[in-house]
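Hello,

Here is the structure I promised to pass on to you.

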Amino acid sequence: MTKIVNSWNDFDPLKHVIVGRAEHSVIPPEEPATSEKVPIDSEMRGMWGPRPLETVEKAAAQLDFLAKTLEEHGVKVDRPTPLQWNQHIQTPDFRNDSMMTCMPPRDILLTIGNEIMASANSFRCRYFEYLAYWPLMKQYFDEDPEFKWTQAPRPRLTDKSYKHNYYDEQISLEERLERTANKDFVTTEVEPMWDAADVLRLGKDLFIQHGLTTNRTAMEWFKRYYPDLRVHAVNFPGDPYPIHIDATFVPLRPGLIINNPQRRLPEEQRKIFEANDWQIVDAAQPAHDTPPPLCYSSVWLSMNCLVLDHKTVICEASEVHQMEQMDKLGMNVIPVPFRDAYPFGGALHCATADVYREGGCEDYFP
Ligand code: ARG
């Protein structure tokens with residue numbers, strides 16, 4: 001019996017990780033929380049169905065290569081077991097014509113210390129995605145007597161969970177930004193809803209993005225569930241589609257964070273970092289003007305890197321500006337081609353979930 005699960009942040013030495021799989025991925029049909037989150041000019045609006053096989057194969061190859069690279073750097077890699085995502089699902093509260101994928105794992109699994117918790121996602125199409133990780137969770141459970149295998153309270157996702165007609169008419173970018181600034185999001189507060197990728201773990205402190213995928217009730221839930229940790233709600237007013245914190249605010253090592261220059265953390269929320277001598281620097285510009293085809297995310301996946309330890313980071317191989325910045329910040333860069341995997345939900349940090357990093361629960365903001 002050994003310790004399998006331990007991780008308190010995104011930068012201590014990584015020893016064991018889950019890398020997602022693209023097989024059977026589907027572009028899900030519209031539902032109350034998703035259409036609001038697909039950019040208005042996206043070619044994906046209104047379309048759904050299995051993703052083209054050729055794109056799945058290309059993404060799978062890049063995911064395999066990422067796994068191999070990690071193994072070469074001494075990191076143990078596990079992979080989920082995809083379901084046939086293209087099937088209709090039903091609960092007592094809703095029906096949906098299909099599921100989505102088991103990409104990216106970062107959205108579903110939250111590792112805090114010796115606990116891995118499956119999240120309370122607001123997308124109906126992601127309701128059963130956790131099942132792809134259950135074989136691994138059982139394995140960790142058998143091998144590690146201290147591993148806490150947890151499922152957050154499951155949201156019901158009835159129509160009451162969403163504001164209807166939230167984005168009904170064609171609204172302008174300005175209007176979207178105004179809604180972000182006013183913290184007016186598509187989900188209601190009838191139950192806690194959160195995606196694991198909205199939670200930034202820094203030891204004793206959790207910084208949780210309040211946005212389209214995580215609501216205030218979730219913040220309150222986190223406070224009560226983790227009474228020994230400090231929960232901070234953060235907002236990034238410049239983001240018209242605030243979903244997941246890891247292309248916006250990305251720590252590289254204790255004391256250093258890169259922040260998306262279009263989505264700067266407000267003055268008020270910077271204080272805790274400044275008071276503790278943390279540096280927040282603007283991330284480098286993305287190397288691309290547009291995301292790849294059939295992609296939900298923005299070009300800022302450029303900064304969605306995977307930190308292996310305080311001096312080593314994996315970056316996407318075509319993101320020349322980001323790699324150069326990493327170098328200047330004193331990081332050794334391992335380039336990995338990953339753009340073919342972007343359409344499946346994100347880049348290198350998104351596509352992984354922590355199982356084991358060395359180190360314990362530090363108090364960085366005493
Ligand atoms: N909302 C981010 C952007 O488009 C993408 C975040 C993806 N992260 C993730 N864990 N799926 O800039």
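An open sheet is built from three strands, ordered β13-β14-β15, and its pairing is mixed. The edges are taken by β13 (249-253) and β15 (279-282); each has a single partner strand, so one side of each is left without a neighbour in the sheet. From one strand to the next, the twist averages 30°. Before you go further, please keep in mind that this is a predicted model.

As a reminder, strands of a sheet pair through backbone hydrogen bonds, and they can do so in parallel or antiparallel fashion. Here β13 and strand β14 (residues 256-259) run antiparallel and are joined by four bridges. If you want a spot to start from, find R253, which stands opposite L256 in β14. You will then see helix α6 (residues 320-328) lying across β13, β14 and β15, and running at about 160° to β14.

There is another open sheet to look at, also described by three strands: the order is β7-β8-β9, with mixed pairing. Its edge strands are β7 (109-112) and β9 (148-151), each of which pairs on one side only. The twist in this sheet averages 20° from one strand to the next. Helix α2 (residues 134-143) packs on the sheet and touches β8 and β9, and its direction makes about 150° with that of β9. Between β7 and strand β8 (residues 115-118) there are four bridges, and these two strands run antiparallel. In this pair, I112 stands opposite E115 in β8.

Now for the ligand. Which residues surround it? They are P104, D107, A197, I243, H244, D246, A247, R263, S297, S298, G345 and C350. By type, this shell divides into five nonpolar, four polar and three charged residues.

- D246 has a polar side-chain atom 2.8 Å from a nitrogen atom of the ligand.
- S298 places a polar side-chain atom 2.6 Å from an oxygen atom of the ligand.
- G345 takes part through its backbone, with an N or O atom 2.9 Å from a nitrogen atom of the ligand.

How much of the ligand does the protein bury? Taken alone, the ligand exposes 350 Å², and the protein buries 94% of that.

Finally, two places in the backbone deserve a look. In general, most peptide bonds are trans, and most residues other than glycine have a negative phi. The peptide bond from M103 to P104, however, is cis, with omega near -15°. P104 sits in the loop between β6 (95-96) and β7, and P104 is also one of the residues around the ligand. The other place is K183, which is not a glycine and yet has a positive phi of about 55°. You can find K183 in the loop between α3 (173-181) and β10 (199-202).

Enjoy exploring, and write back whenever you like.

Best wishes

Terms used
Residues numbered from 1 in each chain as written. Predicted model: local features only at pLDDT ≥ 70, side-chain atom pairs only at ≥ 80, totals over all residues. Heavy atoms only, no water. Near = heavy atom within 4 Å. Polar contact = N/O pair within 3.5 Å; in protein donor to acceptor, adjacent residues only side chain to side chain. Areas by Shrake-Rupley, 256 points an atom, 1.4 Å probe, with all protein chains shown as cover. Nonpolar A, V, L, I, M, F, W, Y, C, P; charged D, E, K, R; others polar. Pairing = 2+ DSSP bridges. Axes fitted to C-alpha atoms, helices over the stretch in contact; angles between N-to-C directions. Contact = heavy atoms within 4.5 Å.
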